[in-house]
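Subject: Model handover and notes

Hi there,

Here is the model I promised to pass on. Could you load it and keep it open while you read my notes?

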Amino acid sequence: MPETAFFGKRIKNPIILASGILGMTKAGLERTCENGCGAVTTKSLTPEPRKGHEGPNIVETESGILNAMGYPNPGIDDGLKEFGGWKREEALIISIAGKDEKEFAGLAKKVDAEKNLGATAVEAVLSCPHTPGYGTMVGQGTPESVGRITAAIKENTKLPLIIKLSPSVPGEIKAAQAAEEGGADAINMGNSLGPGMRIDIHRKKPVLGFAMGGLSGPPIKPIAVRCVYDIYENVKIPIIGTGGINAGVDAIEMMMAGAQWVGVGTAVYYRGADVFGRIAREMEAWMELNGYSKLKEITGAAHE
Amino acid sequence: MNRYELLNPVYTKKVKKVIKENYRVKTIEIDHYIDALPGQFLMVWVPGVGERPMSIGNSAPLTISVANVGKVSSKICGLKEGDDISYRGPFGKPFLLPKTVRKVLCVGGGYGVVPMYFLAKTAKENRIEAYAVVGAKTAKDIIWEKQLFMVCKEVFVTTDDGSRGKKGTVMAEAEELIGKMDYVCCCGPEKMMEAVAKLCREKKVPCLVSIERYMKCGVGICGSCDINGKLCCLDGPVFSGEDALSLSEFGKCSRDATGRKTR
């Protein structure tokens, strides 16, 4: 019942592993598929390998977790070798992160040129809140920047392009419209919120190695849902709704706001590595109880 | 309104005692008791410097042993009695022995001795006879030997250069002992654990090993400590010897902070 389509590929459910979570290796992504995802996203690949920020990389708060990983990744060349040769029924999304449209174009070109990659889509992250040179720290989420980067990537890849936006940047509707005009095939509305900070009052210091980090988990769901709701009203391309999805009913809510698929990440912390399949089963049970037979009846239902 | 309870709070406690083990290893006893089991680890935080996973050497008092090998560990080694120390944990799957075990062999190579002491101590408390093999490069690299004597029936020492005990790897002693045991637990260099796990398979003695990988979050989110799709922080660090031998990267390669394969 929760099966759906993802750029021409049939997938078993609309649950997508969000980038940055678990996706350091191909084996890790395969295991996440076995744990119930319909699609998986790699760690965001940058032109050169990155070690990421010094730890602590995560800290729990009373309302969600803060993280500042800092894009640890093997770099685009080793990354594509690691994830390439994907043959599973679940869709593979290659996430890329560049400093400007030139870097994004170069990354897209390499993704496109990789033989036997097996990826269904490429996702460009313009929304990391805690890595200098990238994402919201350099204003990648403004409509002008989104338009420029989207167009530059589209010129260099034939794969469907997902633009990942931030819930923390005002003007997300204009940014989504700019992505659509630039040729994006989908919007991923959602990344961690903020940046925020947690200070240890005994040590009188911010806990995260990078001092600040993005907030994720259940507390950010209302903001992600509102962003998806607004974007759905203003663009025609499909939306991945990401942010605070922890259970089947959260996914249903996100889809009613307008998402065709939902991104799940931090839920692994609260409910374990098999949370993806659990959310899918919970969705199915809810649909059955409430007389829905297709996800199509749910996406955007809040707008009718 | 009550404050929400955190799953993994950051603790800040006082250093109770600092013991110099050798030229570069210090043992730090912390004025704290946590419900930790042998094989589990802490993420120890040095504000403004970084965070590292550290094997737990004892739960009461909470104890870690730290080799001064980098910028975070050198700060931890510099701690004095009464200083603050911060950490989260305990994390990871522990060494758990079935109730039927009567004789366990604890094989520790290098710093791997630390959790082996905690295991042997716990075994003794549960009326299980513990035997230990301690392996090190040279005599001056041996740590926690005295502590092991307190909880083990016998302690065997090997050094690579023969400066203490039998010359050779831990296998110089473990080879004969394994067949006489009901269970073997092992922590140390991966090649050593691979050799122990293979011999245990041959002798049909169940075994557990503790696998180390570069670690970032410690709680199963980031995927940095991946070994063939398993996470050392959640699925491990303790794996059965059979599980470990089924992982193609075990004893062969590891990954650095960027996720690239090394070795």
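Below are the notes, grouped by topic.

First, the ground rules. This is a predicted model, in which local features need pLDDT of at least 70 and side-chain atom pairs count only at pLDDT 80 or more, while totals for chains, interfaces and linings use all residues. Residues are numbered from 1 along each chain as its sequence is written, and chains are lettered from A and ligands numbered from 1 in the order in which they are written.

**Domains of chain B**

Chain B splits into domain 1 (11–91) and domain 2 (103–262); the bounds come from an automatic or database domain assignment. Their C-alpha centres are 20 Å apart. Domain 1 of chain B puts 16 residues into the contact, and domain 2 of chain B puts in 18. Two residues are in contact here if their C-beta atoms, placed from the backbone, lie within 7 Å.

On the domain 1 side, β3 (41–46), β4 (50–59) and β5 (62–67) of chain B each give two or more residues. β4(B) gives the most, with five residues. Helices (H or I, at least four residues) and strands (E, at least two) are DSSP runs, numbered from the N terminus. By class, that side of domain 1 of chain B has nine nonpolar, six polar and one charged residues. For these classes, Ala, Val, Leu, Ile, Met, Phe, Trp, Tyr, Cys and Pro count as nonpolar, Asp, Glu, Lys and Arg as charged, and the others, Gly among them, as polar.

**Where the chains meet**

The contact between the chains takes 30 residues from chain B and 37 residues from chain A. On the chain B side, β3, β4 and β6 (84–91) each supply at least two residues. That side of chain B divides into twelve nonpolar, twelve polar and six charged residues.

**The core**

The largest nonpolar core has 181 residues, and Val228(A) and Ala132(B) touch the most other members. Such a core is a set of buried Ala, Val, Leu, Ile, Met, Phe, Trp, Tyr and Cys residues joined through C-beta atoms within 7 Å. A residue is buried if 20 or more other C-beta atoms lie within 10 Å of its own, exposed if 12 or fewer, and partly exposed in between, with C-beta atoms placed from the backbone. Helix α2 (residues 113–125) of chain B brings the largest share of this core, eight residues. Both domain 1 (11–91) and domain 2 (103–262) of chain B supply at least three residues each. Leaving aside neighbours within four places in sequence, the contacts of Ala132(B) include Cys106(B), Met116(B), Leu148(B) and Phe156(B).

**Helices in chain A**

The axes of α6 (residues 221–234) and α7 (residues 248–257) of chain A come within 8 Å and cross at roughly 25°. Axes are lines fitted to C-alpha atoms, for helices over the stretch in contact, and angles run from 0 to 180 degrees between N-to-C directions. α6(A) and α7(A) are therefore roughly parallel; that term covers angles under 35 degrees, with over 145 counting as roughly antiparallel, 65 to 115 as roughly perpendicular and the rest as oblique. Among the residues that meet are Val225(A) and Val228(A) in α6(A), and Met254(A) and Ala257(A) in α7(A). This contact divides into six nonpolar, no polar and three charged residues.

In helix α5 (residues 172–182) of chain A, the buried residues include Ala175(A), Ala176(A) and Ala179(A). The buried residues of α5(A) pack against α4 (143–154), β9 (161–165), β10 (186–189) and α6 of chain A. Just after α5(A), Gly183(A) has a positive phi of about 105°.

**Backbone points to check in chain B**

Most residues other than glycine have a negative phi, and most peptide bonds are trans. The Ala60(B) to Pro61(B) bond is cis, with omega near 0°, and Pro61(B) sits in the loop between β4 and β5 of chain B. Another cis bond joins Gly89(B) and Pro90(B), with omega about 5°; Pro90(B) lies in strand β6 of chain B.

Trp144(B) has a positive phi near 60° and counts as buried, because it has 24 C-beta neighbours inside 10 Å. Lys204(B) has a positive phi near 55°, but counts as exposed, with 7 C-beta neighbours inside 10 Å.

Best wishes
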